[in-house]
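User: I have a chain open on my screen and would like to go through it with you. Could you begin with one of the helices?

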Amino acid sequence: MKIRLLDSKDINSCLEISNNNFGKNYLIKADFKLNKTNTILVYSINSKNLGFCIFQTINKYKAQKLTCNKAYLDSEYYHYLKAIVIDNKHHNKGIGTSLLSYLFASSTINFPIISCAWKYKNKINIEKLLLNYNFFKKENVGKIWKDSCNKDFKCISYKHKCVCEAVLFIKNKDQGSSS
C-alpha cells in the first residue's frame, strides 16, 4: 500500500475511478491540478490506483457558491474535501480511512473543513467516514448538484442531470480526528 501525491500519469486512472463511481465527467482533468491550494492524494497497491482524494483551500465566496448560498458559512477561508473516491471493487476496505488519516497527518489545517456529500435514496455513502473524523452534519443543502456539476456530467444514478441531494459536513480546524 502506498499513499502519495498525484502524478500526471495517475490522472486517467483517477478519472476512470470517478466515472465508475459518480458518472462520466463529474470530475474532469482540470480538477486534477496540483498547486499550493490543491492537494490530491492517490492510494495504490502494486502500482494500481485504488482511490484518491482532492483537498482544496477555497475562499468564503467559493464555499457559498458550492452550497448555492444555502448554508451559512462565517469563515473567510475553508479547506474543502472535494472528493474522496474509491474503486468500486475496493469499498469498505479502509482505503478512505487511510487517505484521510494521511491527509490530516501531513497537512496544515488553518481553516474549517467542509465537504458536500451525496445523498442518494436517504443514504450518505461517506457519512460514517466523515463522522469518524469529527465532521458534523451542518445541514441539507438540497439538490445542488444539478446546477453545480459540470454541464456534460451524466449522473450514474439518474442517467442524466444529477438530482441527488447534498449534505454539508463541517469540521472545525481545532478538532482532532478520532480515527
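**Helix α1 and beyond**

Analyst: In α1, the buried residues are Ile 11, Cys 14, Leu 15, Ile 17, Ser 18, Asn 21 and Phe 22. Viewed down the axis of α1, these buried residues fall within an arc of 160°, so they line one face of the helix. Buried means under 20% relative accessible area, exposed over 50%, and partly exposed in between, using a 1.4 Å probe and protein chains only. The arc is that of the directions from the helix axis to the C-beta atoms.

User: What sort of model is this, and how are residues numbered?

Analyst: It is a predicted model, in which local features need pLDDT of at least 70 and side-chain atom pairs count only at pLDDT 80 or more, while totals for chains, interfaces and linings use all residues. Residues are numbered from 1 along each chain as its sequence is written, and side-chain values use heavy atoms, with hydrogens and water left out.

User: Back to α1. Which residues are exposed on the other side?

Analyst: Asn 12 and Glu 16 are exposed there. The twelve residues of α1 should span 16 Å at 1.5 Å a residue, and its end C-alpha atoms are 16 Å apart, which agrees. The expected span is 1.5 Å times one less than the number of residues in the helix. Just after α1, Gly 23 takes a positive phi of about 120°.

User: And α3: which of its residues are buried?

Analyst: Ile 95, Gly 96, Leu 99, Leu 100, Leu 103 and Phe 104 are the buried residues of α3. They cover an arc of only 155° around the axis, which puts them on the same side of α3. With twelve residues, α3 reaches 16 Å from its first C-alpha to its last, close to the 16 Å expected at 1.5 Å a residue.

User: How many helices and strands does the chain have?

Analyst: The chain has five helices and nine strands, and along the sequence they follow the pattern β-α-β-β-β-α-β-α-β-α-β-α-β-β. Helices (H or I, at least four residues) and strands (E, at least two) are DSSP runs, numbered from the N terminus. Of the 179 residues, 45% count as buried.

User: Now the loop between β2 and β3. Is Leu 27 buried or exposed?

Analyst: Leu 27, found in that loop between β2 and β3, is buried, with a relative accessible area of 1%. Leaving aside neighbours within four places in sequence, Leu 27 is in contact with Leu 15, Ser 18, Phe 32, Phe 52, Ile 54, Lys 82 and Ala 83. Contact means heavy atoms within 4.5 Å. Leu 27 and Lys 82 are 55 residues apart in sequence and 9.9 Å apart in space, C-alpha to C-alpha.

User: And Lys 36, buried or exposed?

Analyst: Lys 36 also lies in the loop between β2 (23-24) and β3 (38-45), and it is exposed, with a relative accessible area of 85%. Its C-alpha atom is separated by 8.8 Å from that of Gln 56, 20 residues apart along the chain.

User: Which residue in that loop has a positive phi although it is not a glycine?

Analyst: Asn 25, in the loop between β2 and β3, has a positive phi of about 75° although it is not a glycine. At 23% relative accessibility, Asn 25 counts as partly exposed. Most residues other than glycine have a negative phi. Ser 47, in the loop between β3 and β4 (48-59), has a positive phi of about 65° and counts as exposed at 74% relative accessibility.

User: Changing topic, how much space lies in the largest pocket?

Analyst: About 950 Å³ lies in the largest pocket. Of the 34 residues that line this pocket, the closest to its centre are Ile 84, His 91, Asn 92, Asn 125 and Ile 126. On a 1 Å grid over the protein atoms alone, a pocket is an open set of points where a 1.4 Å probe fits, with protein on both sides within 12 Å along at least five of seven lines; lining residues have an atom within 4 Å of a point. The volume is the space filled by probe spheres set on the points, which are joined across faces, edges and corners.

User: Which element gives the most to the lining?

Analyst: β5 gives the most, with six residues.
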